[in-house]
Amino acid sequence: MNVLVLNCGSSSIKYQLLSMDAQPVILAKGIVEKIGLPCGNFTYKAEGRDKIAIEQPIADHSIGMDLILKTLVDPKLGVLRSLNEINAVGHCVAHGGEYFPESVKIDKEAKAKIKALGEIAPLHNPANLKGIETMEQLLPSVPQVAVFDTSFHQTLPKKAYIYGIPYEYYEKYGVRKYGFHGTSHKFVAEKACNLLGWDIRDKKIITCHLGNGASITAIDKGKSVDTSMGFTPVAGLVMGTRAGDLDLGALIYIAQKEKLDLNEINTLVNKKSGVQGISGVSSDFRELTTAWENGNERAQLALDVFAYHVKQYIGAYAAILNGVDLVIFTGGIGENDFYIREAVCENMEFLGIKLDKKINAVTRGADVTLSTPDAAIKVMTITTDEELVIAMETVRLSH
Ligand code: ADP
């Protein structure tokens, strides 16, 4: 069975075609970027072949998807004989609100709910829905499945998701903590338990998904009980360009001083903040590390602030869970950046966290135990694979 996995953003489409028969295999993958701009970008990498990149205008999502499908069946470049060989399509959908505690096979009702949730996720859900509707036109007889970034966190207790604002805003507008990256948090926790031969139902786990977007989740007996992102993905940790938690009074003060309107505030906290804002150098941790090595103090400060906030959340979630068995690092930074992992885990011996610094220093992009054998809490890096989860969910639900 072949599954096409799509992640549609407002101006991009990430795609992966997977064969899910025995061991999952990625047949082809790539990205369509800068949709609607004068110069679009299309990349395509088929299994065992070189990556190709084409620059051409891509006016809208349906042209972008058409390009993907045509390439997949192209006699020279393609990996399929015909589009009939695509058996199902899985979509990454950002917001499932309170409607979707699970993935769902797409039907009229599911589409209506995804559309309604566009109110609270205007940057993501309309683009995700566009992807679904375009695929319905291009592959009308193929089942489609939506996998939500929020579903895993639907088990949060009410005391964890209600904000300290008038309750009517929850009732009227659904303003509450939802949390994101659920697919990844669930996947790495389960994968680690499988590797360790543990039953997740006995375990307390903290998962740190540290990428451009970053979030931390407290998992008790396999269920998410708290998570650092909120109503939107701007909450929680300081991120690449997102501010994370901050004093709302400070934001009001800046807005008054700089005479910012709501759009400008939105841009400030989503695009100009985080380690980019602190350092003035970059949102990319590799560039920050290079700048720090060259003596840039604000780059060092940005890395320190980032690690400090991760540490704070681990402490908070250890308290919420009443103990921790396992801390997992994942995402581009969590899997690769040994300096951040070391800085986070430093001086946490009282809690039972002790890194083997030598193993930590050489671990990149692999599933590895980083803690010393005598440490009370295991620390691991686990590679995440959100596309694989979406493909597995799609196989499960598309029959
Ligand atoms: P996204 O949220 O876009 O999926 P990723 O999970 O790909 O993000 O993470 C991107 C981040 O990971 C970037 O800040 C990048 O610098 C960082 N990163 C990737 N590889 C490394 C590496 N080898 N060392 C340090 N940081 C890395």
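**Chatting through a predicted model**

Colleague: Let's start with Ser103: does that residue count as buried or exposed?

Modeller: Ser103 counts as buried, because its relative accessibility is 12% and the cut-off for buried is under 20%. Bear in mind that this is a predicted model.

Colleague: Where is the place of Ser103?

Modeller: Ser103 sits in the loop between β6 and β7.

Colleague: And what does Ser103 contact, leaving aside its neighbours within four places in sequence?

Modeller: With those neighbours set aside, Ser103 is in contact with Val145, Ala146, Val147, Phe148, Ser151, Glu393 and Leu397. With Glu393 there is a polar contact too: the two side chains are joined at 2.6 Å.

Colleague: Nice. On to helix α2, then. Which residues are buried there?

Modeller: Helix α2 covers residues 108–116, and Ala110, Lys111 and Ile114 are buried in it. These three are on the same side of α2, because they cover an arc of only 100 degrees around the axis.

Colleague: Why would residues three or four places apart point the same way?

Modeller: An α-helix has 3.6 residues a turn, so residues with that spacing point the same way.

Colleague: What do the buried residues of α2 pack against?

Modeller: Their partners are β6 (88–93), β7 (104–105), α3 (125–138) and β8 (144–148).

Colleague: And which exposed residues are on the face turned away from the buried side?

Modeller: That face of α2 carries Lys108, Glu109 and Lys115.

Colleague: What caps the N-terminal end of α2?

Modeller: Asp107 does the capping, with a side-chain oxygen 3.2 Å from the backbone nitrogen of Glu109.

Colleague: Changing topic: which residues surround the ligand?

Modeller: The ligand has Gly211, Asn212, Gly213, Ser283, Asp284, Phe285, Arg286, Gly331, Gly332, Ile333, Asn336 and Asp337 around it. By class, that shell has 2 nonpolar, 7 polar and 3 charged residues.

Colleague: Which helices each supply at least two residues of the shell?

Modeller: Those are α10 (285–293) and α12 (331–336). The largest share comes from α12, with 4 residues.

Colleague: What about Asn347, where is its place?

Modeller: Asn347 is in the loop between α13 (338–345) and α14 (357–362). Asn347 also has a positive phi, about 55 degrees, although it is not a glycine. With a relative accessible area of 60%, Asn347 is exposed.

Colleague: Last one: what does Lys51 touch, not counting residues up to four places away in sequence?

Modeller: Lys51 touches Thr43, Tyr44 and Lys45. Lys51 is found in the loop between β4 and β5 (52–55), and is exposed at a relative accessible area of 57%.

Key. Residues are numbered from 1 along each chain as its sequence is written. This is a predicted model: local features need pLDDT of at least 70, side-chain atom pairs count only at pLDDT 80 or more; totals for chains, interfaces and linings use all residues. Side-chain values use heavy atoms; hydrogens and water are left out. Buried means under 20% relative accessible area, exposed over 50%, partly exposed in between (1.4 Å probe, protein chains only). The arc is that of the directions from the helix axis to the C-beta atoms. Contact means heavy atoms within 4.5 Å. A polar contact is a pair of N or O atoms within 3.5 Å; within protein, one must be able to donate a hydrogen and the other to accept it, and residues adjacent in sequence count only if both atoms are side-chain atoms. A residue is near a molecule or strand if one of its heavy atoms lies within 4 Å of it. Ala, Val, Leu, Ile, Met, Phe, Trp, Tyr, Cys and Pro count as nonpolar, Asp, Glu, Lys and Arg as charged, and the others, Gly among them, as polar.
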